[in-house]
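Let's take a walk through this fold, strand by strand and then out to the pocket. Keep the viewer open as you read.

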Amino acid sequence: MIDHAHDLASVRDATERVLTAAAELDNASVAEPSRLPGWSRGHVLAHIARNADALVNVLEGRPMYATASMRDADIERDAPRPLDVQLADVRESAAGFQAVGAVPADWSRRVELRNGVTDSASRVPFRRWVEVELHHVDLGIGYELEDLPEEFTRREIDFLVERFTGHPDVSSTKLTDGTHAWSTGRASDKPEVTVTGRPADLLGWLCGRRDGAGLTVDGDSLPALPPL
């Protein structure tokens with residue numbers, strides 16, 4: 001069972017971490033490149049804020065974004081703002097998400113996200129947790145995949161493994177960190193590839209933040225994963 005209340009609390013904690021860390025920046029460093037190609041740190045902070053608004057829309061039964069182009073335009077509009085405005089926006093939009101999450105609701109209902117993707121409402125807080133944690137890493141200000149909470153790393157590996165399971169273009173793959181094991185990719189009686197590494201390196205490869213250089217691959221080459 002997904003505990004949405006637990007995940008909402010985890011989102012709140014993760015948001016405080018990113019706000020505390022980002023408060024050490026200045027206006028010049030907010031304008032510098034993030035780890036995401038083509039995005040400044042201001043783009044990342046703007047996206048964190050607008051994603052909170054978008055997930056409020058999801059939980060309240062509205063389209064996540066009016067259009068894909070408007071999503072991108074809103075991020076571009078907000079990216080150049082000074083640090084104090086960015087931080088206030090992240091905090092206020094996060095509070096709005098928490099407020100909607102506190103409203104009694106049927107958390108087993110299906111909701112629609114982007115591109116026709118549907119999910120249980122109960123998993124929306126975890127999806128928000130993913131946005132906050134991974135984009136904190138993307139800011140490039142000292143928070144690394146190794147710093148992520150252990151529970152988060154395990155659950156996000158679970159989530160991404162599930163996402164790629166059955167994908168015809170992904171080799172049948174066994175992943176292991178020496179303690180836990182996962183299977184993903186196309187169906188096969190026997191894995192074509194076994195990938196071994198630390199949880200942070202496995203997650204980094206699965207979510208597109210690392211190239212897999214820290215992993216050990218037995219069998220075929222490291223599979224190329226489709227974009228998320």
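A polar contact here is a pair of N or O atoms within 3.5 Å; within protein, one must be able to donate a hydrogen and the other to accept it, and residues adjacent in sequence count only if both atoms are side-chain atoms. With that in hand, go to Asp177, whose side chain reaches the backbone nitrogen of His180 at 2.6 Å and that of Thr179 at 2.8 Å.

Before going on, some ground rules. This is a predicted model, in which local features need pLDDT of at least 70 and side-chain atom pairs count only at pLDDT 80 or more, while totals for chains, interfaces and linings use all residues. Residues are numbered from 1 along each chain as its sequence is written, and side-chain values use heavy atoms, with hydrogens and water left out.

Back to Asp177, which lies in the loop between strand E3 and strand E4 (181–184); helices (H or I, at least four residues) and strands (E, at least two) are DSSP runs, numbered from the N terminus. E3 and E4 make a hairpin with 4 residues between them, and Gly178 in the turn has a positive phi of about 95°. The two strands run antiparallel, joined by 4 bridges, and strands count as paired if DSSP finds at least two bridges between them. Leu175 sits opposite Trp182 in E4. On E4, Trp182 and Thr184 make up the covered face, Ala181 and Ser183 the uncovered one.

What does Asp177 touch, not counting residues up to four places away in sequence? The answer is Trp182, Gly197, Pro199 and Leu202, where contact means heavy atoms within 4.5 Å. Gly197 is 20 residues away along the chain, yet the C-alpha atoms of Asp177 and Gly197 are separated by 5.1 Å.

Now step across to strand E5 (residues 193–196). E3 (residues 173–176) pairs with E5 in the parallel sense over 4 bridges, and Thr173 has Val193 as its bridge partner. On the antiparallel side, 4 bridges join E5 to strand E6 (residues 216–219), with Thr196 opposite Thr216. In a regular strand the side chains alternate between the two faces of the sheet. Buried means under 20% relative accessible area, exposed over 50%, and partly exposed in between (1.4 Å probe, protein chains only).

Two loop residues are worth a stop. Ser122, between strand E2 (118–120) and helix H6 (124–138), counts as buried because its relative accessibility is 10%. Its side chain joins that of Ser120 in a polar contact of 2.7 Å. Leaving aside neighbours within four places in sequence, Ser122 is in contact with Ile2, His4 and Trp107. Asn115, in the loop between strand E1 (110–112) and E2, counts as exposed because its relative accessibility is 74%. Phi of Asn115 is near 55°, a positive value in a residue other than glycine. Most residues other than glycine have a negative phi.

Last stop: the largest pocket. Helix H3 (41–59), E2, H6, helix H7 (150–164) and helix H8 (199–206) each supply at least two residues of its lining, and the largest share, 6 residues, comes from H7. The lining divides into 22 nonpolar, 6 polar and 11 charged residues; Ala, Val, Leu, Ile, Met, Phe, Trp, Tyr, Cys and Pro count as nonpolar, Asp, Glu, Lys and Arg as charged, and the others, Gly among them, as polar.
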